[in-house]
Amino acid sequence: MSARQPMVEVRGARKSFGAVEVLRGIDLSVERGQIVAIIGPSGSGKSTLLRSINHLETLNGGEVWLDGVQVNQNLHGQAFERHINKVRQQMGMVFQHFNLFPHLTVLENITMGPVILKGMPKTDAKALAHSLLSKVGLAEKIDAYPSRLSGGQKQRVAIARALAMQPKVMLFDEATSALDPELVDEVNTVMKQLAAEHMTMLIVTHEMRFAGEVADRVLFMDGGVVVEEGPPAEIFRTPQKERTRTFLKKYLSA
Amino acid sequence: MQRVFPFFVEAALVTLELTALALILGLVAAAFAAAAKMSRPAILRAIGTVYVSLFRGTPCLIQLFVLYFGGPQVGINLEPFAAGVIGLGLNIGAYMAESIRGAVMAVDRGQTEAARTIGFSRFQTLRKVVLPQAARLMIRPLGVNTVALLKGSALVSTISVVELTYTAQRFIGSTYKPFEIFGVAALLYMIMVYAVARIVDLLDKRFAIA
């Protein structure tokens, strides 16, 4: 629990889908309160890396650590199940397609985790949901069903749902990729707000401008390896590697 | 015709009773079979698969004959009605198992992932997130299965269960009016099928996701 220890650490991560090697030895370290953006072309492995941190993908090699606890521990059966459920409670994850529970109201979507997993009294959970919804600007939608919300609203509720577990780190997997352009800002605003509150964040994104604004560090991935990493100013203005330059040229000219 | 009509109504009620009991048995068998087929242990999956392929891969009529005529040879002595309920129930259960499994698999994988990343166990995820959504998706297919069961129940007339079809056949001999007799039986089946379809519609509306 020392302050020097990274919040998230990945060592030598390897992952293959069949014959395709998607991650080919990734090292990554995220300090407490740090915001790391991961960019790269489709198929570069950035989403797989993020999903591996949450153990939605099982690595073929390497280690993932969260705040001094190994995520992909060598446990089996029920023992691993108990371990991973505990670890996941400490990581919030936000998906490209929101994945709100359509049969539950916004309130129930948010309170379900704290009530069932942490035994939080329902009144407390409701107060928590209310304050989180106010934070993301959706307090009036507390009793709505997800089908009544726009994409941007859904994603903000999904962020509130993840925050309700009071996670140590938030993982964003292309959180704005499925949104209409005019709805992207409302989600980005919420993420910037979290950044200002020093939430530790890993953000997989295709939005270079947003990555530049919010991230402390940018990782450029291609072909399952980290090609280059550094502060956004360096990566975006003076990239060292040819691969990075080619990629950015395509994006920034678009 | 007016003389025999009360017998038809009574027989239709037997058909309904037969259908209702077979439906209950079928749903129970289907729930177990679907759960087995989707479980992790290979042996359970195999049991589920064998049950479903056996009962979907052979004629229901043969299954009824094996149970009712073949049963006594291996020490299973059943009354016609009981054999009818068990035979029809096990048969429709195999179809319903696939309806249930289809509905569960139709729930977006992202739902499971979202629940798991919050920290819910496999079981909690199934109970709180997947099944409530799957339950709504399986209403229509199970309704289709129930209509098939209701109409298919005519088969048990061959093992002398006194239901609608059997009753109709019985009156041919005394009336010599097969067109009218079978026409009335058909009409009664249609009324019952319509009623089932209405109930399924109501359930579907009632449980629609807002």
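Figure 1. B:D201 counts as partly exposed at 24% relative accessibility (buried means under 20% relative accessible area, exposed over 50%, and partly exposed in between, with a 1.4 Å probe and protein chains only). B:R140 is also partly exposed, with a relative accessible area of 39%. B:D201 and B:R140 form a salt bridge whose closest N and O atoms are 2.6 Å apart; the term denotes a side-chain nitrogen of Lys or Arg within 4 Å of a carboxyl oxygen of Asp or Glu. B:D201 belongs to helix 8 (residues 178-206) of chain B and B:R140 to helix 6 (residues 122-152) of chain B, so the pair ties together parts 61 residues apart in sequence. Helices (H or I, at least four residues) and strands (E, at least two) are DSSP runs, numbered from the N terminus. The model is predicted: local features need pLDDT of at least 70 and side-chain atom pairs count only at pLDDT 80 or more, whereas totals for chains, interfaces and linings use all residues. Residues are numbered from 1 along each chain as its sequence is written, chains are lettered from A and ligands numbered from 1 in the order in which they are written, and side-chain values use heavy atoms, leaving out hydrogens and water.

**Figure 2. The salt bridge between A:R156 and A:E186.** The closest N and O atoms of this pair are 2.8 Å apart. A:R156 is buried, at a relative accessible area of 11%, whereas A:E186 is partly exposed at 23%.

**Figure 3. The salt bridge between A:E174 and A:K46.** The side chains of A:E174 and A:K46 meet at 3.9 Å, N to O. A:E174 is in the loop between strand 7 (169-173) and helix 6 (181-196) of chain A, and A:K46 is in helix 1 (residues 46-53) of chain A, 128 residues apart. Both A:E174 and A:K46 are buried.

**Figure 4. The interface of chain A and chain B.** The contact (heavy atoms within 4.5 Å) takes 24 residues from chain A and 21 residues from chain B. Two salt bridges are found across this interface. A:E81 pairs with B:R116 in a salt bridge, the closest N and O atoms being 3.1 Å apart. On the side of chain A that touches chain B, helix 2 (77-88), strand 6 (91-94) and helix 3 (106-118) of chain A each supply at least two residues.
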